[in-house]
Amino acid sequence: MAEHPIIEAKDVGLIFQTDDEPIIALKDVSLQVNKGEFISFIGPSGCGKTTFLRAIAALEKPTAGLLKVNNVTPELARQARTYGYVFQAAGLYPWRNIASNIKLPLEIMGFQKQEIKERVRKVLDLVDLTGFEKKYPWQLSGGMQQRVSIARALSFDAELLLMDEPFGALDEIVRDYLNEQLLKLWKSTEKTICFVTHSIPEAVYLSTKIVVMSPRPGRIIDVINSELPSERPLEIKDTPEFIEIAQRVREGLRLGHSYD
Amino acid sequence: MTKNFFPIISILCFIIFLWYIFSVVLNSSWALDKAERSSKTLTFKELVADTWSQKKPKLPAPHQVFSEIWDTTFNKKITSKRSLVYHGWITFSATVAGFVFGTALGVILAIAIVHDRATDLSVMPWIITSQTIPILALAPMIIVVLGSIGFTGLMPKAVISMYLSFFPVVVGMVKGLRSPEILEIDLMRTWSASRSQIFFKLRIPKSLPYFFTSLKLGMAASLVGAIVGELPSGAIAGLGARMLAGSYYGQTIQIWSALFSAAILAATLISAISLIQRIVLKRMAWSG
């Protein structure tokens, strides 16, 4: 079986038509994401990182170029349950308890009852929330809610996990903890993860590849391959290698910034 | 509950106190006239006693109204034309019939409006226009038109109730069905959920709190509709007819007792909806 990249973007452009003038959200974005990679997209607001993620998820439609997910169009990839999406807010339904929140996509996709039960148990264990099935979202902290939403995205076993600033609303301490957990999860499940963030340390800590983007028009400035070892304790953030990569990311961001 | 007991009781006492004062003030001229004609002078005590016990007072005293309600509720056969239970039942059945139809109509319209932009643009203005016409002007027409094609009794009143009660339901349900956030819709889309799945798993549960609020408004409007429907056309039964008859013959005590019955009926119906709301939302854990 020939290995194909899980995401393949060639000169992707996306223009939003607004009342006064068209906004160029993405221009000539070309990128290849291979199976098992952990890719971070970093850049200031308006650089198109979220738009790119949404285009992969078929929530936006590119106006130019070629975008393939798992070798098919984003729409078909979605129908084939290729990806799970985690938004910045957990988006849990307040009238459903934790277990039935995770059940929701499985119900929609028409899984069997017994299998649903089994999968809910499995993903709750993955995010370390076993025993919280009967709780309601408001009884959980923000970090726990976000873990539930990750579990929900993992429940139907998609190959690709798209995460749009999932920890952006959480404090530093919780964020560090969740980053560690996410790395473990990534290693144990061997998913491909696309991760949008504002934070340089977060991007460097998590990724095998960092995509630096810049606004007006949204484009890719730099793609950095991280040589950090796959075993990453939090202390790695103080090593010279880590700081060097962070430095390169920072330079890329500065380069792309037009200061207007 | 005990914490709220004192304020509730003191407000109630205050209202009843004011009411007694006003009935003395408003009814005293009649009492004084009567005394003058028979060339008597009234002591203050006699004056007060008279104002609180007239047969056709301008403002009946609370005990007169409540003894009338008690008398016409419990001491009359419920089939009697003088029984409040009989009149209350007539109004109640028209109210509930109109409420059920109005709610159904409102929900159907809201679903159509939310799912189809053309319906939104073409129907919504008519719905709003329908509510700008004073119901008092419209009610006799409805009764005459429906009467001419053979519908009398409960049916025309239920139509008027429906006409008033569908509106809060449409407005509330449109708002409720549109209350899911973009994020929640996007999530559903990432799972390739169909329109009907989005509708049943997201829009409906999300709209329930709005639904119950609309029901309460709709029920109140429906009761008003039923009473208004009983005013014209020489209706002979129902709380509205009772009020009208009272005003023809200057039976103020009868008017006030019909008014209070209507208020009690409304309060009962709305508490019933509140109770259902609490049970349903608790079952769904919406209350958290």
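**Two chains, a few loops and some helices**

Okay, let's start in a loop: A:Arg81 is found between α2 and β5 (83-86) of chain A. Those element names come from DSSP runs, numbered from the N terminus, with helices (H or I) needing at least four residues and strands (E) at least two.

A word on what you're looking at. This is a predicted model, where local features need pLDDT of at least 70 and side-chain atom pairs count only at pLDDT 80 or more, while totals for chains, interfaces and linings use all residues. Residues are numbered from 1 along each chain as its sequence is written, and chains are lettered from A and ligands numbered from 1 in the order in which they are written.

Back to A:Arg81. Its phi is positive, about 55°, although this residue is not a glycine. The cut-offs are 20 or more other C-beta atoms within 10 Å for buried, 12 or fewer for exposed, and partly exposed in between, with C-beta atoms placed from the backbone.

A:Glu165 also isn't a glycine and has a positive phi, near 45°. It lies in the loop between β6 (160-164) and α6 (172-189) of chain A. A:Glu165 counts as buried, with 20 C-beta neighbours inside 10 Å.

One more loop in chain A: A:Pro217 is found between β8 (209-214) and β9 (219-225). The peptide bond from A:Arg216 into A:Pro217 is cis, with omega near -10°.

Now, where do the chains touch? 17 residues of chain A are in contact with 16 residues of chain B, contact being C-beta atoms, placed from the backbone, within 7 Å. On the chain A side, α2 (74-79) and α3 (98-109) give two or more residues, and α3(A) brings the largest share, 4 residues. That side divides into 13 nonpolar, 3 polar and 1 charged. Here nonpolar is Ala, Val, Leu, Ile, Met, Phe, Trp, Tyr, Cys and Pro, charged is Asp, Glu, Lys and Arg, and the others, Gly among them, are polar.

Over to chain B, which has 11 helices and 0 strands. Its radius of gyration, taken over C-alpha atoms, is 24 Å, well over the 19 Å that the globule rule gives for 288 residues, so chain B is more spread out than a compact globule. That rule is 2.2 Å times the number of residues to the power 0.38. Of those 288 residues, 31% count as buried.

Look at α8 (residues 182-190) of chain B, where B:Leu187, B:Met188 and B:Thr190 are buried. They cover an arc of only 160° around the axis, so they sit on the same side of α8(B); the arc is that of the directions from the helix axis to the C-beta atoms. What do these buried residues pack against? α2 and β5 of chain A, together with α9 (195-230) of chain B. Just after α8(B), B:Ser192 takes a positive phi of about 55°.

Last stop: α3 (residues 62-74) and α11 (residues 252-283) of chain B. Their axes come within 9 Å and cross at roughly 75°. Axes are lines fitted to C-alpha atoms, for helices over the stretch in contact, and angles run from 0 to 180 degrees between N-to-C directions. That makes α3(B) roughly perpendicular to α11(B), a label for 65 to 115 degrees. Among the residues that meet there are B:Ile69 in α3(B) and B:Phe260 in α11(B). The contact divides into 5 nonpolar, 5 polar and 1 charged. That's it from me!

Definitions and conventions: Contact = placed C-beta atoms within 7 Å. Parallel < 35°, antiparallel > 145°, perpendicular 65-115°, else oblique.
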